[in-house]
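Biologist: I would like to learn how to read the features of a structure with several chains. Please take them one at a time.

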Number of protein chains: 4
Amino acid sequence: MPGNSFGHLFRYTTWGESHGPAIGCVVDGVPPRIPLAESDIQVFLDKRRPGQSRFTTQRKEPDRVKILSGVFEGQTTGTPISLVIENVDVRPKDYADIAVKFRPGHADYTYFKKYGIRDPRGGGRASARETAMRVAAGAIARKVLGAGVVIRGALIQIGTLAADRRRWDWNAVESNPFWCPDAAMVPEWERYLDDIRKQGSSVGAVIEVEASGVPAGWGEPVYDKLDADLAKAMMSINAVKGVEIGAGMRTASLRGEENADEIRMKNGAPVFLSNNAGGILGGISTGQDVVVRFAVKPTSSIATPRKTVTAKGEDTEISVKGRHDPCVGIRAVPVGEAMLAIVLADHMLRHKAQCG
Amino acid sequence: MPGNSFGHLFRYTTWGESHGPAIGCVVDGVPPRIPLAESDIQVFLDKRRPGQSRFTTQRKEPDRVKILSGVFEGQTTGTPISLVIENVDVRPKDYADIAVKFRPGHADYTYFKKYGIRDPRGGGRASARETAMRVAAGAIARKVLGAGVVIRGALIQIGTLAADRRRWDWNAVESNPFWCPDAAMVPEWERYLDDIRKQGSSVGAVIEVEASGVPAGWGEPVYDKLDADLAKAMMSINAVKGVEIGAGMRTASLRGEENADEIRMKNGAPVFLSNNAGGILGGISTGQDVVVRFAVKPTSSIATPRKTVTAKGEDTEISVKGRHDPCVGIRAVPVGEAMLAIVLADHMLRHKAQCG
Amino acid sequence: MPGNSFGHLFRYTTWGESHGPAIGCVVDGVPPRIPLAESDIQVFLDKRRPGQSRFTTQRKEPDRVKILSGVFEGQTTGTPISLVIENVDVRPKDYADIAVKFRPGHADYTYFKKYGIRDPRGGGRASARETAMRVAAGAIARKVLGAGVVIRGALIQIGTLAADRRRWDWNAVESNPFWCPDAAMVPEWERYLDDIRKQGSSVGAVIEVEASGVPAGWGEPVYDKLDADLAKAMMSINAVKGVEIGAGMRTASLRGEENADEIRMKNGAPVFLSNNAGGILGGISTGQDVVVRFAVKPTSSIATPRKTVTAKGEDTEISVKGRHDPCVGIRAVPVGEAMLAIVLADHMLRHKAQCG
Amino acid sequence: MPGNSFGHLFRYTTWGESHGPAIGCVVDGVPPRIPLAESDIQVFLDKRRPGQSRFTTQRKEPDRVKILSGVFEGQTTGTPISLVIENVDVRPKDYADIAVKFRPGHADYTYFKKYGIRDPRGGGRASARETAMRVAAGAIARKVLGAGVVIRGALIQIGTLAADRRRWDWNAVESNPFWCPDAAMVPEWERYLDDIRKQGSSVGAVIEVEASGVPAGWGEPVYDKLDADLAKAMMSINAVKGVEIGAGMRTASLRGEENADEIRMKNGAPVFLSNNAGGILGGISTGQDVVVRFAVKPTSSIATPRKTVTAKGEDTEISVKGRHDPCVGIRAVPVGEAMLAIVLADHMLRHKAQCG
């Protein structure tokens with residue numbers, strides 16, 4: 001019940017600090033006899049890996065994952081799967097300054113207030129480095145879900161520049177460094193973000209992830225609703241400040257007849273004529289695509305000097321020099337996909353237990 | 001682990017259908033020797049109670065709560081507190097139609113898909129009636145938090161009409177049927193909602209709840225972050241489709257130096273110069289006000305005829321005649337407050353266990 | 001996570017004090033579309049009900065159970081089932097003495113030390129009255145398990161007099177007030193217990209419960225082993241001080257070749273030639289009968305004067321006059337059966353989720 | 001919620017197979033600012049380590065533990081502590097035989113029935129090697145409990161030979177290879193066990209563990225009683241078939257006035273005149289020593305040929321040649337101590353949360 005685990009039947013626990021010797025996780029509850037190799041996980045880690053373009057942190061981490069247990073001769077055995085990634089490009093010295101000053105907008109302050117001690121090397125547990133293990137666990141969750149459930153994500157807004165949904169093209173997503181579904185927006189984002197990067201600043205973003213192929217019936221009313229667990233999953237990602245399902249915050253301004261998705265029979269099956277619900281009604285999947293969006297705030301580690309205080313309670317200023325993402329939202333795309341896969345895998349097993 | 005419970009150390013479980021004999025909950029983990037009477041709970045139930053103005057459902061429920069256990073001579077004993085409310089104004093016949101047709105935008109469809117059976121009387125468990133027990137549990141959570149933590153809520157948007165934050169007045173909130181903090185908006189909302197009500201339609205809303213007096217340090221990284229649990233709590237409320245913390249979705253368009261709340265010493269203590277973080281950094285409370293917003297979609301039970309299908313798979317139309325809220329978001333204000341209190345009480349106890 | 005719930009997927013929570021207005025429980029996670037009526041539960045409550053012979057407490061409780069939710073037109077709906085039993089024969093005045101003096105061997109002392117307050121009416125939550133709701137939840141668990149799993153229990157020892165296993169007859173069990181499987185022992189126990197009862201004393205007992213029809217494969221290594229959960233379940237029953245699986249404590253004195261149950265094929269299926277394992281190996285069911293035994297200590301409420309102290313810290317003596325069981329172990333037989341059913345139902349669902 | 005974790009607030013998860021590359025665990029919920037070094041853990045691992053006398057398995061494992069996270073500059077940070085031990089003396093070839101034949105009395109059979117696959121190298125997860133991580137987690141639990149709670153254990157019976165309680169000497173325990181508290185019994189056990197070892201057989205044992213310094217008030221009625229959790233903890237240890245608290249199974253034959261521990265004031269505090277309760281009443285600690293006993297069955301891997309079947313369903317015989325403990329109960333002493341420490345640490349935190 002302490003806070004480093006997620007899920008009920010598909011359940012994983014992460015450990016490790018950003019600049020400690022390694023990070024890792026233990027994934028428990030995986031059904032047996034599922035083919036699983038390190039390469040099945042590595043492919044998703046490579047999507048999230050830092051240093052792949054000038055728009056993400058220049059920390060060089062190969063992020064090579066090792067499976068230490070739970071797999072025998074290429075198949076899961078039903079026992080816990082232990083994964084570990086060594087930290088390679090560790091520079092604790094970069095963090096001398098933040099060991100004594102709190103970065104505004106960063107967890108430095110609250111960790112110190114909570115625990116009375118913290119590991120200042122790169123943010124310790126509060127670092128986005130922890131999300132590598134979410135991606136690793138998410139790769140296993142995809143295996144549990146099977147090929148019938150397809151999970152994809154895209155970056156739909158950087159700062160004030162939103163992708164145009166009318167130009168949405170899933171094929172475009174993999175061919176630009178932003179996971180942008182709108183190819184026409186890519187050069188604009190490049191210019192915009194180069195500018196921000198050079199100024200030592202940062203900017204926020206919006207990510208959209210979706211799952212197709214989810215059957216109707218997943219989700220546990222009334223507190224472990226599918227959307228409630230998705231909201232928790234996404235809000236638990238570093239820097240996320242808002243989560244939406246389907247039409248999201250916009251539903252507030254809709255009227256009943258605009259919002260409710262009508263239904264018609266088509267080839268013997270009920271079909272919804274729109275998807276404002278984002279594939280979830282009453283906390284249970286409808287069979288439509290599950291659609292989740294979340295906003296990531298701008299990185300708080302910026303070069304611009306900011307007013308803050310020291311651990312001793314003195315006024316000071318801070319300007320962070322380390323290697324940081326100008327838009328951490330970019331690398332949040334594979335993380336959001338992973339969390340969606342994890343929530344779905346957990347609910348698939350829960351549904352099977354009670355109603356399967 | 002089934003879905004009808006919430007919280008870890010302050011934990012409650014609700015039961016009961018909208019038109020069954022009663023609804024109730026069991027609240028477990030309450031510290032002993034806290035003064036508690038039925039009237040402490042009733043005061044909050046009365047805020048949520050239906051039929052208090054023409055803008056909420058006309059179902060007449062006195063919502064009288066009874067304490068059946070866990071309290072001895074006016075004090076909690078540390079054992080489970082069982083609460084029950086009898087359903088009085090039950091009209092199962094109103095629901096003959098929805099027993100065979102699915103209401104678009106309603107959980108009718110998904111409950112049937114999940115369980116292969118459902119209690120059609122007024123939505124059964126999917127009815128907003130369940131939220132009465134959230135409010136009851138929330139009243140006990142407030143007692144656990146003590147007088148130092150003050151929780152308040154307001155309705156800040158109905159449909160396309162948003163309250164003006166510059167006119168925010170907490171005193172106004174209790175003096176209008178909408179819990180609106182902007183007195184000037186009240187007559188506009190009255191006209192707007194009367195119109196919608198007469199048309200047999202409905203409309204969405206945005207609620208904001210906040211807690212002051214929360215000390216720095218509450219919240220459990222990295223998955224049970226305070227904001228992650230708040231997101232889950234709010235998204236689990238009927239009809240909620242979006243949740244925001246502090247600046248919320250808007251942070252996507254901010255730059256690092258705009259977003260990060262700067263800090264200065266004041267009277268020997270660190271003070272934040274803004275609150276975009278909504279009182280939470282790295283999933284842990286900062287000591288500032290905790291600020292949460294959520295959007296409620298328009299009620300799906302409307303008089304306007306809508307395309308749908310029957311349980312047998314035939315195309316049909318439905319037009320719902322029962323007694324429904326034109327804007328269910330109004331009664332969501334005390335529910336949102338309750339969920340905020342519950343999440344905070346749980347995290348207070350969790351923090352005390354590990355770091356107290 | 002507070003202590004008044006049991007089970008993970010089949011999960012129930014009990015509430016209520018021995019001499020409060022009522023006791024009850026909420027059973028969550030029950031699969032939908034299982035036929036269930038109050039009479040299905042009542043039949044087991046009637047087995048446990050006090051006052052049925054001179055060998056159990058003379059408190060007169062009809063123990064009429066009511067289903068308040070989760071069942072629609074005779075079938076479970078998959079939503080929480082709320083059960084309640086009104087307390088009828090309440091005599092709080094009987095307990096004036098124990099409100100100030102601690103009964104040796106009773107939870108009076110520890111509840112007061114833990115909570116700094118207690119409900120002294122009949123032991124409050126510590127009373128064996130709580131076990132009525134275990135029996136009620138157990139009746140539902142049997143329904144979940146289905147007719148293929150048969151659960152039975154017997155009293156095999158009262159004080160120093162043990163039933164003779166060679167005369168074991170399941171038909172005898174229902175035809176005597178002790179649930180004794182050895183008809184020849186019944187008159188001896190009658191004389192023995194009459195004697196103890198007249199002396200105002202009490203005595204301990206051993207209960208054995210078994211389940212046949214459990215398939216191989218239930219149980220979750222390595223901490224939620226089937227036997228580990230059974231040990232917890234039985235030890236959580238009032239007054240239990242020891243739990244054994246299969247050959248139990250006696251295995252300590254066995255050699256490897258005596259203890260290990262050999263296997264042979266028979267009609268195409270593996271058959272064990274003995275059952276020292278009690279149907280469980282490595283925490284997982286083998287397909288043999290699951291066999292559990294537990295010892296119940298003598299009731300601590302006895303008429304014999306005993307040395308004790310008051311809540312204020314003065315030496316005193318206590319002699320308890322109320323209506324108490326001379327051998328509370330008798331009524332523990334249906335309780336043990338219920339806990340066995342509950343643990344199995346929970347593990348059936350857990351197994352189905354991961355490996356089904 | 002899958003089965004490889006234990007505890008609620010002090011919670012740990014183990015992973016790894018007996019002959020895989022490594023075993024490990026993640027300990028979460030540890031309070032911050034507790035001094036902790038690898039040597040604090042190593043000292044207990046060294047007690048359990050195999051190959052230290054001719055009476056335990058000859059597998060040579062240095063069992064060197066490494067801390068990978070959660071500790072900064074010698075202090076816990078409140079974040080998860082990851083521990084790992086490399087497997088050094090791995091001989092998968094020893095296990096060719098058991099990959100196809102089921103060892104009677106071993107989990108081989110049930111793992112295969114449950115998962116349809118298993119890692120046969122040395123029993124995989126079912127191996128007693130997993131208990132090394134219990135000992136490691138237990139060492140951290142002791143740190144959480146602090147110096148005021150002292151946990152000790154002893155082996156009190158091997159096969160048919162029981163230690164004499166009248167000669168109990170805690171100083172003797174550390175000076176013989178059996179952890180025997182009765183020095184006079186040691187030579188007898190040596191002869192007895194040499195005999196069994198040479199015959200390629202094995203034998204069971206009884207272990208007693210106790211904790212002094214536990215304050216009154218720990219334990220959560222009514223399902224998470226301190227004794228219920230201890231029963232689960234001990235029964236989850238490999239090969240355990242019975243668990244007793246205080247007078248244990250023997251209470252069945254006692255009368256009320258013999259069993260109930262009387263109380264008297266002494267130096268201003270209540271003192272119990274005996275300890276049949278084993279320090280627990282109503283599931284809550286009394287302040288007396290907590291006393292737990294458990295029986296370990298004889299190792300099922302023996303040289304004597306035994307009837308069994310193959311995975312393909314053919315009758316056969318098996319005789320196990322590997323390196324095995326003639327009395328696995330010896331090494332269960334530090335494991336039982338660890339589980340006692342873990343349960344107490346968890347309940348200390350739980351008590352603090354609700355009543356502290």
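**Reading the chains and their contacts**

Modeller: The count between chain B and chain A is ten salt bridges, a salt bridge being a side-chain nitrogen of Lys or Arg within 4 Å of a carboxyl oxygen of Asp or Glu. This is a predicted model, in which local features need pLDDT of at least 70, side-chain atom pairs count only at pLDDT 80 or more, and totals for chains, interfaces and linings use all residues. Residues are numbered from 1 along each chain as its sequence is written, chains are lettered from A and ligands numbered from 1 in the order in which they are written, and side-chain values use heavy atoms, with hydrogens and water left out.

Biologist: Which residue of chain A meets Lys232(B) in a salt bridge?

Modeller: Asp224(A) does, with N to O at 2.8 Å. Polar contacts are counted too: a pair of N or O atoms within 3.5 Å, where within protein one must be able to donate a hydrogen and the other to accept it, and residues adjacent in sequence count only if both atoms are side-chain atoms. Between chain B and chain A there are 69 residue pairs in polar contact, both at pLDDT 80 or more.

Biologist: How is the size of an interface given?

Modeller: Often as the accessible area lost when the parts come together. Buried area here is the accessible area (1.4 Å probe) that two parts lose on being put together, summed over both. Chain B and chain A bury about 8800 Å² between them, with 58% of it on carbon and sulfur atoms. On the chain B side, Lys114(B), Tyr223(B) and Lys241(B) lose the most area to chain A, together 11% of what that side buries. In terms of contact (heavy atoms within 4.5 Å), 108 residues of chain B touch 108 residues of chain A.

Biologist: What does the interface of chain B and chain C look like in the same terms?

Modeller: The contact takes 38 residues from chain B and 38 residues from chain C. The area buried there is about 3100 Å², of which carbon and sulfur atoms give 67%. Trp15(B), Phe72(B) and Ile117(B) supply 18% of the area that chain B buries against chain C, more than any other three residues. Between chain B and chain C the count of salt bridges is zero, while ten residue pairs are in polar contact, both at pLDDT 80 or more.

Biologist: How do strands pair in a sheet?

Modeller: Strands of a sheet pair through backbone hydrogen bonds, either parallel or antiparallel. Helices (H or I, at least four residues) and strands (E, at least two) are DSSP runs, numbered from the N terminus, and two strands pair if DSSP finds at least two bridges between them. In chain A, five strands form an open sheet in the order S1-S2-S3-S7-S4, with antiparallel pairing. Strand S1 (5-6) and strand S4 (65-67) of chain A stand at the edges with a single partner strand each, so one side of each is left without a neighbour in the sheet. Three bridges join S4(A) to strand S7 (residues 81-86) of chain A; Val65(A) has Ile85(A) as its bridge partner in S7(A).

Biologist: Where do strands of chain A and chain B join?

Modeller: Strand S11 (residues 240-245) of chain A and strand S11 (residues 240-245) of chain B run antiparallel, joined by three bridges. Gly242(A) has Glu244(B) as its bridge partner in S11(B).

Biologist: Is helix H2 (residues 108-115) of chain B mostly covered or mostly open?

Modeller: Mostly covered: six of its eight residues are buried. Buried means under 20% relative accessible area, exposed over 50%, and partly exposed in between (1.4 Å probe, protein chains only). Among the buried residues of H2(B) are Tyr109(B), Tyr111(B) and Lys114(B). The buried residues pack against parts of chain A, including strand S13 (269-272) and helix H8 (332-355). Just after H2(B), Gly116(B) takes a positive phi of about 70°.

Biologist: Why does Asp229(D) count as buried?

Modeller: Asp229(D) counts as buried because its relative accessibility is 6%. Asp229(D) is found in helix H6 (residues 226-235) of chain D. Its side chain makes a polar contact with the side chain of His347(D) at 2.7 Å. Leaving out residues up to four places away in sequence, Asp229(D) touches residues that include Lys232(C), Phe6(D) and Arg350(D).
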